[in-house]
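This report describes selected local features of the structure shown below. Each section takes up one residue or one group of secondary-structure elements.

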Amino acid sequence: MSNEDIFAVLKQMPASILFKRIGSEEVHGSKGFERTFGILKATCIKENSITFFDSQSKQKAEDNESPFSRAEAGEPVSCQFRVQTECRAMNCHIESALINTSVDEWLVLYITPNGNDFVDDNQENSAVVKHIAFNQLLTNFSSKLINANVNELDSIIDQALAAYGEFSDVDRCYLFEFSENIEYMSNTHEWVAAGVTPYIDDLQDMPTTSLPFFISHISNGLFKIDDVSTIPDVGSSEREVFQEQRICSILCVRIMVDETMYGFIGCDIIGSPYSWKAYDIEYLRRIGEMLGNTLQNIRNRKALQKMQLELLKANKQLEQLANIDGLTGIANRRLFDSTLQRDIKRCQKQGLALSLLLIDVDFFKQYNDHYGHVSGDKVLKKIAKTLSKSCLGNDDLVARYGGEEFAVILPGTDSDAVNAIASRILRNVMFLDIPHEYSTHNNKLTVSIGLISQTNDSLKAVYKQHRAQSASWLISQADEALYRAKNEGRNLIKS
């Protein structure tokens, strides 16, 4: 048999094969190969016009690792590659064979697309097998997505797009999200097959008004184009964009979240047209529904977390309102009472002393009567601020006890230290230099202070005797001391 006869036989083969004479750079494809890869006119294919990629790493196979080089070197080939021609790229299983004639040796590569219905629609049970495989893929990612948190979501979406893209043997698979008012759309996730140019960085914040034909279709749930060249002139903007990216067929389905259009998931075929089948649409729609449900769950979780944070904030504000004096901004009587009860028990356990001050503004009624209630309120604010600055301990509590009366709890403060603090308070109030010409004691505003200081042992003895009434007993002792300070001339400290 002559080379011409062998060439003619191989060329007419319905199977998808590539063949060449050993030592020649001319590569030929069978009719089956041309049909599979959408090659309309190809009498001779240059070897370098066919690129082989590792299907896992997506790296281009080195020259010595290509199926042709390995087979020509005498190594039988039977492995996976992604085969890229000028028209189309597909994942394929490749097997090699040698044909010896009396004239030459011929190298043949059998190219079998992996489960690819672009090629063989009549394979027995292929639809059933494909459907089972897709359900397995969907189940796998559904289990990952059902409990996915925000930090895991991007990675899982990328994995799902890659798995779907490889399963369907498309060239590009992607997720777009719309802005809240659907004025813009951005490519947030993209998978591309080996040798395919990614466009995710170029497709950010795209005005939806620039693609009206696409938006009108995707808003109704589906955008399906078998052959981009057939897009009518009303969609000329879209047709131009797709053709620039060598997209020949495109399929996109809408994703809904909270009953509004969140975005869309889509896939492309590059190089030659493809007639999308019913199961292609169904599979992509189910992937879109899966992602939509996940995004809905995460949005619900975010809303719940936001509500919980707002509730905590509201509770904190309510707690603050319940414990803070509205006029002066310091602790109120409610917080003072609960803190004193707590500090009595804490100081006993920790071996600490405890001191208490009761402070009264001298002749405050006369001040209010003559200067007015607005001025009186201003004075109370200044006194509260001065008390807070005069008490430096982290655990000290300054409170408005009632009216013009204030209280200070000083855990871990002994008698000497509390007397020094009380003296500082008297001095700092005088330094405010607030005129009070109606005071019978002084022409400046002053305060009187009653104090009680308990060592740890005496505090334990008080608690042993009075128990739940220990706080009331301490307050009564400080109040008696305050009465003596006022009775003996005011602007005094008594214990």
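## Surroundings of Arg 172

In this predicted model, Arg 172 is in contact with a set of residues beyond its neighbours within four places in sequence. These partners are Glu 190, Trp 191, Val 192, Val 196, Thr 197, Tyr 199, Gln 245, Ile 247, Gly 266, Cys 267, Asp 268 and Ile 270. Arg 172 itself lies in strand S8, which covers residues 172–178.

Two of these partners are also joined to Arg 172 by polar contacts between side chains: Asp 268 at 2.9 Å and Glu 190 at 3.5 Å. The relative accessibility of Arg 172 is 3%. Because buried means under 20% relative accessible area, Arg 172 counts as buried.

Strand S1 (residues 17–21) and strand S2 are paired in the antiparallel sense, with two bridges. Within this pairing, Phe 19 stands opposite His 28 in S2. The hairpin has four residues between its strands, and Gly 23 adopts a positive phi near 95 degrees there.

Ser 30 is located in the loop between strand S2 (26–29) and helix H2 (31–36). With a relative accessible area of 0%, Ser 30 is buried. A polar atom of the Ser 30 side chain lies 3.1 Å from the backbone nitrogen of Phe 33. Leaving aside neighbours within four places in sequence, the contacts of Ser 30 are Leu 10, Lys 11, Met 13, Ala 15, Ser 16, Ile 17 and Phe 19.

## Gly 292 in helix H8

Helix H8 comprises residues 278–323 and includes Gly 292. Gly 292 counts as buried, at 4% relative accessibility. Beyond its neighbours within four places in sequence, Gly 292 is in contact with Ile 255, Met 256 and Val 257. Gly 292 and Tyr 174 are 118 residues apart in sequence, and their C-alpha atoms are 14 Å apart in space.

Five strands form an open sheet in the order S15-S16-S14-S17-S18, and their pairing is mixed. The edge strands, each pairing on one side only, are S15 (397–402) and S18 (493–494). S15 pairs with strand S16 (residues 405–411) in the antiparallel sense over five bridges. Arg 400 stands opposite Phe 406 in S16.

Helix H14 (residues 470–487) packs on this sheet and touches S14, S15, S16, S17 (447–454) and S18. The direction of H14 makes about 140 degrees with that of S17. Helix H9 (residues 333–350) lies across S14 (354–361), S15 and S16, and runs at about 25 degrees to S16.

## Packing of helices H10 and H11

Two packed helices are described by the angle between their axes and the distance between the axes. For helix H10 (residues 364–371) and helix H11 (residues 373–390), the axes come within 7 Å and cross at roughly 135 degrees. An angle over 145 degrees would count as roughly antiparallel, and one of 65 to 115 degrees as roughly perpendicular; H10 and H11 are therefore oblique to each other.

On the H10 side of the contact are Phe 364, Tyr 367, Asn 368 and Tyr 371, which meet His 373, Ser 375, Gly 376, Val 379 and Leu 380 in H11. The residues of this contact comprise five nonpolar, four polar and no charged.

Note on methods. Residues are numbered from 1 along each chain as its sequence is written. This is a predicted model: local features need pLDDT of at least 70, side-chain atom pairs count only at pLDDT 80 or more; totals for chains, interfaces and linings use all residues. Side-chain values use heavy atoms; hydrogens and water are left out. Two strands pair if DSSP finds at least two bridges between them. Contact means heavy atoms within 4.5 Å. Axes are lines fitted to C-alpha atoms, for helices over the stretch in contact, and angles run from 0 to 180 degrees between N-to-C directions. Buried means under 20% relative accessible area, exposed over 50%, partly exposed in between (1.4 Å probe, protein chains only). A polar contact is a pair of N or O atoms within 3.5 Å; within protein, one must be able to donate a hydrogen and the other to accept it, and residues adjacent in sequence count only if both atoms are side-chain atoms. Angles under 35 degrees count as roughly parallel, over 145 as roughly antiparallel, 65 to 115 as roughly perpendicular and the rest as oblique. Ala, Val, Leu, Ile, Met, Phe, Trp, Tyr, Cys and Pro count as nonpolar, Asp, Glu, Lys and Arg as charged, and the others, Gly among them, as polar.
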